[in-house]
Structures are given as structure tokens and as C-alpha cells.
Amino acid sequence: MMAIANIIRCNIQEPVLIWKWHDEEYSKRQDEIRLGSQLVVAENQEAVFVKGGKICDTFKTGQHTLATANLPILSQIIGSVFADDSPFTASIYFVNKAVLMNTKFGLTPFNLIEPNFKVPVPVSARGSYAIQVADSKTLLVQIAGNLTELTPDTIKLFFKGLVCTAVKNGILETAKKENISPIELETKIGDVTKTVSGAVAAIFAEYGILSKHFIIEAIPIIDDDQRVKDVVEKLQKIWADDVEEKMKFRRHSEHLDIYRTERMYDTARAAAENLGGNGIAGAFVGLNAMGAVSGAVGGMLNSALNPIQPTQNENTAIKCDKCGADSPLGTKFCVKCGDPFIVCPSCKKDNPSQTKFCVFCGSPMQLVCKNCGSQYTAGSLFCGECGQKLN
């Protein structure tokens, strides 16, 4: 008998999910296979033998010699053992296990009611996903059937309705959950994608396919209708005003003085409108009110530009009369310039040297030791004559 096949391999180069083997030379006996033939399964492929509509044996990546020993189920179905050159009838499907990227989808526009203006807004969506065969047997049984070839385009058409329905349900669920306008859905693409990807994965898994890298790229609205354009314009104005109010509130919280000033202006303007009436009287009241506000603002700005330095506690510090620096009370010399302190015994302020009376309070600068009657300079700790400790 003529040899039907010696080498069986997938001869197609296009990215397909399933390809049914056929011998180009012996086209009339496509399903006849000779024992002893070499089955070559490439990387990321799996070969599946089908007999009488039933899956019999599968082979992973590698080169396999077809024999009764490695075709146990098929041999049982055939019911006899053949010689090496004996043909048997079976179909061989090569299943591509590689990831097929960038399958696109687009959603036919559907209406969502805008909750603020009760206007129907057409919403669409587009995106992409990748697929990979996870279970060859399930895919063959559920989808392939008697097809000689299963391409990504075929899968795309097969699942288009299911994927688009899942996307639509995800958009509806997110819009309801977040209580947002259809125009805001673009800001929730991540949430919608997360909701839909799980549902899409479950759909593909039912047919032995793994869904990967599911992405919703955009959720645009269709604004051909003038009513929709008006709604978009109004919402954009509302959002802009809302942002301005939030920024104003933030500015008020960070600068309370500015907020108080703004409130004073508002009060003055209200006083002019409510009390002044129209004409000269109204203008007079308004000017007086604004004058009071201006004074307050002027004082506030003056305080901001020329802040009052905190007064040092007279019991804890001495201000140097030469450089103006503060030093702890009891210090003999200025900590900044080294000038000796001549401290008034009454007001505790530093005076110029050789001063007999305090230039600040007029008190005498020379004191008398109670022990020996000798004079001493204010700030001295011990008498220069008798060594008595001074108060």
C-alpha cells in the first residue's frame, strides 16, 4: 500500500487557534494516517486526535512516532493492531497555545439617562483584549466542531455579542453605583474595566479560552444631538464653578486673614445696599462702610508687612544698648557684641557707660553697699570694698 504520510505537521504560518491537518498530495484521503508516521508539534502547540467526533489522544510539543503504543485510546476504538504501513482514519487538529494579542472590540452606542437634566446621552466604548487557549479539548468540542480552521477573527465574531454585553452591563453598573453623569464615565474607566474583565474572563473560560490584558480604552459620548451638547456645556460650567469654590475654600482655610478680609468687604457691600438705598445717601453709607473696611485692611496689611516683634520678658532678658541683641538676665556682657552691661537697678535696662541716672526711668545708677557704705555699679554681684554679696 502506498504510504499516506511520513511527516505530519502544521504547515500554516498565519496566527490561528485551531488548524486541521490535511495532506496536500493525497487530497482524496485526508483523514488516512499511516502508523509509523512522524508527528511534529511545534512550540506552543498541541496536537489532538479525533475519531468519529470523539477526542482520543493528545500530544504536546515535540516529535512523536505514531504507533499503537502511544495511541492507546485510538487503537481501542479502531479495535485491531495494524502493521507499520497500515493506514487508519482519524482527524488531527493542531491547537495554538500562544497568546494572541490585540483583539479589538467596539460597543454600539446606547442611551444613558443624564441624572441631573434627565436627557438621554448616547454612550459607546472601545478597547482590546488578548486570548490564549487553556483547554484544547473544550475549545474543540464547544466551538471548532467540523471547522478546518479557527482564526482570531472567527473568535472575535463569535464572542462579539457576549463581550459587548458585558461591557455595557459594566458601564451601567458603574454609573448606577457611583451615581455619576454619563459624561463622567471617562474618569471611571479603571473601575469599569475592573468590573468587566472578570465577567469577560468567565465567558471565555466556559469555552476553554483564557482572557488576558482586557482593556477599555475609552468610553466616549455621542454629542451629535443639540440637547446633549447643551447638557455637556452646562455640566462643564457647573464643574468649573465647583472647582473654583473648592479652590476658594482651600485658600480660605490656608489664609484665614484673607478670608476675614473678604467677609468684611461682603459685609460693607451689604451695608451699602441694604441701609444706604439709592442715590447720594446710599453712596455715603457705602463709602463710610468701605472706609471702615479699608482701615481694617490697612491695619492688617501693615501688620503683615511690619510684624510686631514679640516683647521679651523683662525678668528674663536684657537688651544691649549698643547692638540691640537680647541676652539672659544676669549676663555681664552682651552675647552678641561683648559690650559690658550697665543695668538700671529699677527697670533692669542696659545703659551707656558712665551714666549716673537711667536714661529710661531716671533712677540713680550708683548704689550703696549696706555693709560698708561704699558705692557700686548696678549689676555688681559683690562689693568692691568689703566683698559683701550684693542683692
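This is a walk through the fold of one protein chain, from its overall make-up to a few individual residues. Please keep in mind that the model is predicted.

Let's begin with the whole chain. The protein chain holds seven helices and 17 strands. Of its 391 residues, 36% are buried.

Strand β10, residues 100–113, pairs with β11 in the antiparallel sense over 10 bridges. One point to look for is Leu100, whose bridge partner in β11 is Ile131. The hairpin of β10 and β11 has six residues between the strands, and Lys118 there takes a positive phi near 55°. Strand β13, residues 209–218, also pairs with β11 in the antiparallel sense, this time over seven bridges. Here you can find Gly127 with Ile216 of β13 as its bridge partner. As a reminder, strands of a sheet pair through backbone hydrogen bonds, either parallel or antiparallel.

Now turn to an open sheet of five strands, ordered β6-β5-β9-β2-β12, with antiparallel pairing. Its edge strands are β6 (54–59) and β12 (149–150), each of which pairs on one side only. At the β12 end, strand β2 (residues 18–20) and β12 pair in the antiparallel sense over two bridges. Trp19 stands opposite Glu149 of β12. What lies across these strands? Helix α2, residues 136–144, lies across β2, β5 (45–51), β6, β9 (91–96) and β12. The helix runs at about 145° to β6.

The aromatic side chains give another way to follow the fold. The model has 10 aromatic pairs. In one of them, Phe159 and Phe204 form a tilted pair, 4.4 Å centre to centre with 40° between the planes. Phe159 lies in helix α3 (residues 152–178) and Phe204 in helix α4 (residues 189–205), so this pair ties together parts that are 45 residues apart in sequence. Both Phe159 and Phe204 are buried. Phe159 also pairs with Tyr207, edge-to-face, at 5.4 Å centre to centre and 80° between the planes. This pair links distant parts of the chain as well, with Phe159 in helix α3 and Tyr207 in the loop between α4 and β13, 48 residues apart. Tyr207 is buried, as is Phe159. If you zoom out from these rings, you will see a cluster in which ring pairs link Phe105, Tyr129, Phe158, Phe159, Phe204, Tyr207 and Phe214.

Helix α3 also carries Thr174. Thr174 counts as buried because its relative accessibility is 5%. Which residues does Thr174 touch beyond its neighbours within four places in sequence? Thr174 is in contact with Asn179, Lys188, Asp191, Val192 and Thr195.

For a contrasting stop, go to Val40 in strand β4, residues 38–41. Val40 is partly exposed, with a relative accessible area of 22%. Leaving aside its neighbours within four places in sequence, Val40 is in contact with Ile7, Ile8, Arg9, Gly62, Gln63 and Phe94. Val40 and Cys10 are 30 residues apart in sequence, and their C-alpha atoms are 8.0 Å apart in space.

The last stop is the cysteines. A disulfide is a covalent bond between the sulfur atoms of two cysteines. How many disulfides does the whole structure hold? A search finds zero. Cys320 is in no disulfide, and its nearest cysteine sulfur, that of Cys337, is 3.7 Å away. Why does Cys320 count as buried? Its relative accessibility is 3%, and the cut-off for buried is under 20%. Cys344 is likewise in no disulfide, with the sulfur of Cys361 the nearest cysteine sulfur at 3.4 Å. Cys344 is buried too, with a relative accessible area of 0%. Both distances can be set against the limit used here, in which a disulfide needs the two sulfur atoms within 2.5 Å.

How values were computed. Residues are numbered from 1 along each chain as its sequence is written. This is a predicted model: local features need pLDDT of at least 70, side-chain atom pairs count only at pLDDT 80 or more; totals for chains, interfaces and linings use all residues. Side-chain values use heavy atoms; hydrogens and water are left out. Helices (H or I, at least four residues) and strands (E, at least two) are DSSP runs, numbered from the N terminus. Buried means under 20% relative accessible area, exposed over 50%, partly exposed in between (1.4 Å probe, protein chains only). Two strands pair if DSSP finds at least two bridges between them. Rings of Phe, Tyr and Trp (its six-membered ring) pair if their centres lie within 6.5 Å; planes under 30 degrees apart count as stacked, over 60 as edge-to-face and the rest as tilted. Contact means heavy atoms within 4.5 Å. Axes are lines fitted to C-alpha atoms, for helices over the stretch in contact, and angles run from 0 to 180 degrees between N-to-C directions.
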